[in-house]
Amino acid sequence: MKTYSTHTSLSIAEKVVLITGAYGLIGQTIAYAFLQQGAYVILADLDECKRNKLEDKISKTFPPRQFLFQTLDITDEASCQKAMIEIILKFGRLDVLINNAGLDAKFDKESLGKVNHGRFENYPTHLLRIAIEVNLTGTILITQSACHQMIKQKSGNIINVASTYSVVAPNQNLYDYGDGKQNFKPVDYVASKSFIPNFTRYLATFYSREGIRCNAIVPHGIYNNHDEPFLENFARLSPLGRMCNREELIGPFTFLASDASSYMTGSLLTVDGGWTAW
Ligand SMILES: NC(=O)c1ccc[n+]([C@@H]2O[C@H](COP(=O)([O-])OP(=O)(O)OC[C@H]3O[C@@H](n4cnc5c(N)ncnc54)[C@H](O)[C@@H]3O)[C@@H](O)[C@H]2O)c1
């Protein structure tokens, strides 16, 4: 009987991977899946409240030598530098940085009511400044810290988490449930995430001769207990007719983190169910 195996270049075993925003929806999924594949994972996030439950789950499944939990604020330079020192002390190197931390005005049941979904002309500028501080400035700060180390190593792999709203405008019909209270995807998210594709190209070309590559992943609409009217709108507007299951991001992230993508730099890997195809 023939035996088949996965191509070895797709392996991420023993790669040291820093995931920012690791206690959130996508961060948790990728962290867990990477640990299952034998990577050393640093789970870094600002939100201490979400940490205990996740730490408990991961400690019961994986040996302590394989992971590190870190309190990290990507908007704080000292916090970014401290994170890198701890990573090098424990693992001796950093192979992959996943810039996943971000602020996003979401439409799932948990987030509705907590965020401002108002019209553009009324959008509060202080919220815009907060989003820019995290999604843009913070992403740059943690990347600078990681690059210092990657330059020393002469190797590194940066994966930026973009969004379809980094490349196209939101279709505001998605947020109209026919109840006379139209919601809007706010400008703070679009403004602060639009920089990711060109930042990706900037880093890719800046470091192309120093062994560091950089690509971005472009997800759209990860299912997280959304209301029925939202799901109906989504199904109508999406070519694949549904939201993305969080597990469907594991393959694309693994590919970008692995040597299977070694000839890719400056690219956007779109995982959007065809949202940007029409
Ligand atoms: N969920 C989606 O449908 C979707 C779609 C496209 C793109 N994205 C992008 O994916 C990424 C993750 O999204 P998510 O859905 O998991 O969001 P999430 O809100 O569930 O998680 C984001 C995490 O980032 C952390 N964070 C926020 N500010 C931080 C800071 N200053 N320092 C460190 N950590 C900080 C939060 O505490 C949170 O745990 C974001 O960049 C988002 O823009 C998400």
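1. Which residue in E4 is the bridge partner of Val-17? The partner is Val-96. Strand E1 (residues 16-20) and strand E4 (residues 96-99) run parallel and pair over 3 bridges. Two strands are said to pair if DSSP finds at least two bridges between them. Helices (H or I, at least four residues) and strands (E, at least two) are DSSP runs, numbered from the N terminus.

2. On the basis of the note: this is a predicted model, in which local features need pLDDT of at least 70 and side-chain atom pairs count only at pLDDT 80 or more, while totals for chains, interfaces and linings use all residues. Residues are numbered from 1 along each chain as its sequence is written, and side-chain values use heavy atoms, with hydrogens and water left out.

3. Strand E4 is covered on both faces. Val-96 and Ile-98 lie on one side, Leu-97 and Asn-99 on the other, and all are buried. Here buried means under 20% relative accessible area, exposed means over 50%, and partly exposed lies in between (1.4 Å probe, protein chains only).

4. Strand E5 (residues 156-161) is largely enclosed by the rest of the structure, because 6 of its 6 residues are buried. Gly-156, Ile-158 and Asn-160 point one way, whereas Asn-157, Ile-159 and Val-161 point the other way. In a regular strand the side chains alternate between the two faces of the sheet.

5. E4 and E5 run parallel and are joined by 4 bridges. Ile-98 stands opposite Ile-159, and Asn-99 has Asn-160 as its bridge partner.

6. Two loop residues other than glycine have a positive phi. Lys-154, in the loop between H4 and E5, has a phi near 65 degrees and counts as exposed at 64% relative accessibility. Asn-225, in the loop between E6 and helix H7 (228-237), has a phi of about 60 degrees and is partly exposed, with a relative accessible area of 43%.

7. Gly-266 belongs to the loop between helix H8 (250-257) and strand E7 (268-271). This glycine is partly exposed, with a relative accessible area of 23%. Its C-alpha atom is separated by 7.5 Å from that of Arg-213, although the two residues are 53 residues apart along the chain.

8. Around the ligand there are 26 residues, of which Asp-45, Lys-50, Lys-106, Tyr-189 and Lys-193 come nearest; a residue is near a molecule if one of its heavy atoms lies within 4 Å of it. This shell divides into 13 nonpolar, 7 polar and 6 charged residues. Ala, Val, Leu, Ile, Met, Phe, Trp, Tyr, Cys and Pro count as nonpolar, Asp, Glu, Lys and Arg as charged, and the others, Gly among them, as polar. Helix H1 (25-36) and helix H5 (187-193) each supply at least two residues of the shell.

9. An N or O atom in the side chain of Asp-45 is 2.6 Å from an oxygen atom of the ligand. A backbone N or O atom of Ile-26 lies 2.8 Å from a ligand oxygen atom. Taken alone the ligand exposes 830 Å², and the protein buries 91% of that; these areas come from the Shrake-Rupley method with a 1.4 Å probe.

Terms used
Polar contact = N/O pair within 3.5 Å; in protein donor to acceptor, adjacent residues only side chain to side chain.
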